[in-house]
Amino acid sequence: MSSASSKRPPLTGAARHAAEKKPKNPVPKGPSSHEIRIIGGQWRRTRLKVIDKPGLRPTPDRVRETLFNWLGQDLSGWRCVDAFAGTGVLGLEAASRGAAHVLMVEQDAVLVRDLQDNATRLKAGMVSVQRGDGVATLLRLPSGSVDLVFIDPPFDGPLFEPALKAAARAVPVGGWIYLEAPVAWPADALEALGLQCERHLKAGAVHAHLLQRVSSESVPTPAANPVEGETP
């Protein structure tokens, strides 16, 4: 008895051509990606690929341009920490503008790999990438040892207050903290940490703050919460 398949008419013409071109073992697609663009400094207009991940929010071009205008564009000799690096675009903008050292801290292993790849592509010897917790890393730094800290944690998490406390300790009087948050940070809460908001910008759902440490009083040390993958 003949099978049903033996009774099918043979493919001809365009149908046969399409069947021959169809891959028998399709290669599974990798994670989707997009590009970020460095907007100033030695790598101006350089585009870098970054992976798409839920909650990943590269700081918009307009906000970055405004931030570095506030800072005066030239960061020659500055020591910076990008405490929740994500795509790394803030830290790379600082390095592009002459920062002497930029430490990028990120928990996600895939993002860490991308950060390392992009630093290598740019030949950014002043950039160090570390997998770990941003708050714990800031707490390990000597007090007053960095000039600028970028704080841009997940908007739906509880990291803003401990990160601000740790960053306020890490910068000296006159040092800077960039805070990106879903709300404007209250002046009294900043004053309690010896900080003052010098500039503020709202762009869509983002509130961008440029904070300066103005008090030499000791800042309360928050408890660190190391996570898996962090180097003690």
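Residues are numbered from 1 along each chain as its sequence is written, and side-chain values use heavy atoms, with hydrogens and water left out. Because the model is predicted, local features need pLDDT of at least 70 and side-chain atom pairs count only at pLDDT 80 or more, while totals for chains, interfaces and linings use all residues.

The protein has 7 helices and 9 strands. Helices (H or I, at least four residues) and strands (E, at least two) are DSSP runs, numbered from the N terminus. Of the 232 residues in the protein, 44% are buried; buried means under 20% relative accessible area, exposed means over 50%, and partly exposed lies in between (1.4 Å probe, protein chains only). Contact means heavy atoms within 4.5 Å. Among contacts with a separation of 6 or more, 66% are between residues 24 or more positions apart.

Two strands pair if DSSP finds at least two bridges between them. S6 pairs with S3 in the parallel sense over 3 bridges, and Val81 stands opposite Val149. S6 is also joined to strand S7 (residues 176–181) by 4 bridges, and these strands run parallel. The bridge partner of Val149 in S7 is Ile177.

Helix H6 spans residues 160–170, and its buried residues are Phe160, Ala163, Leu164, Ala166, Ala167, Ala168 and Ala170. An α-helix has 3.6 residues a turn, so residues three or four places apart point the same way. The cover over the buried residues of H6 includes S6 and S7, together with H5, helix H7 (187–191), strand S8 (195–203) and strand S9 (206–213).

The next topic is charged pairs. A search of the whole structure finds 8 salt bridges, each being a side-chain nitrogen of Lys or Arg within 4 Å of a carboxyl oxygen of Asp or Glu. One of them links Glu35 with Arg47, where the closest N and O atoms are 3.9 Å apart. Glu35 lies in strand S1 (residues 33–37) and Arg47 in strand S2 (residues 47–51), so this pair ties together parts that are 12 residues apart in sequence. Glu35 is partly exposed, with a relative accessible area of 44%, and Arg47 is partly exposed, with a relative accessible area of 44%.

Another salt bridge joins the side chains of Glu93 and Arg64, at 2.6 Å from N to O. Because Glu93 lies in helix H3 and Arg64 in helix H2 (residues 61–71), the pair ties together parts that are 29 residues apart in sequence. Both Glu93 and Arg64 are buried, and the relative accessible area of Arg64 is 2%. Leaving out residues up to four places away in sequence, Arg64 touches Arg37, Ile38, Ile39, Thr59, Val89, Leu90 and Glu93.

A further salt bridge is formed by the side chains of Asp147 and Arg79, at 3.1 Å from N to O. At 37% relative accessibility, Arg79 counts as partly exposed. Salt bridges that share partners also join Arg37, Asp61, Arg64, Glu93 and Arg97 into one network.

The last topic is open space. A pocket, found on a 1 Å grid over the protein atoms alone, is an open set of points with protein on both sides within 12 Å along at least five of seven lines; the 1.4 Å probe fits at the points of a cavity but cannot get out, and lining residues have an atom within 4 Å of a point. The largest pocket holds about 530 Å³ of space, a volume being the space filled by probe spheres set on the points, with grid points joined across faces, edges and corners. Its lining has 30 residues, and Leu56, Phe84, Gly86, Glu106 and Pro154 lie nearest the centre of the pocket. Helix H3 (89–96) and strand S4 (101–106) each supply at least two residues of this lining. The lining residues divide into 14 nonpolar, 8 polar and 8 charged; Ala, Val, Leu, Ile, Met, Phe, Trp, Tyr, Cys and Pro count as nonpolar, Asp, Glu, Lys and Arg as charged, and the others, Gly among them, as polar.
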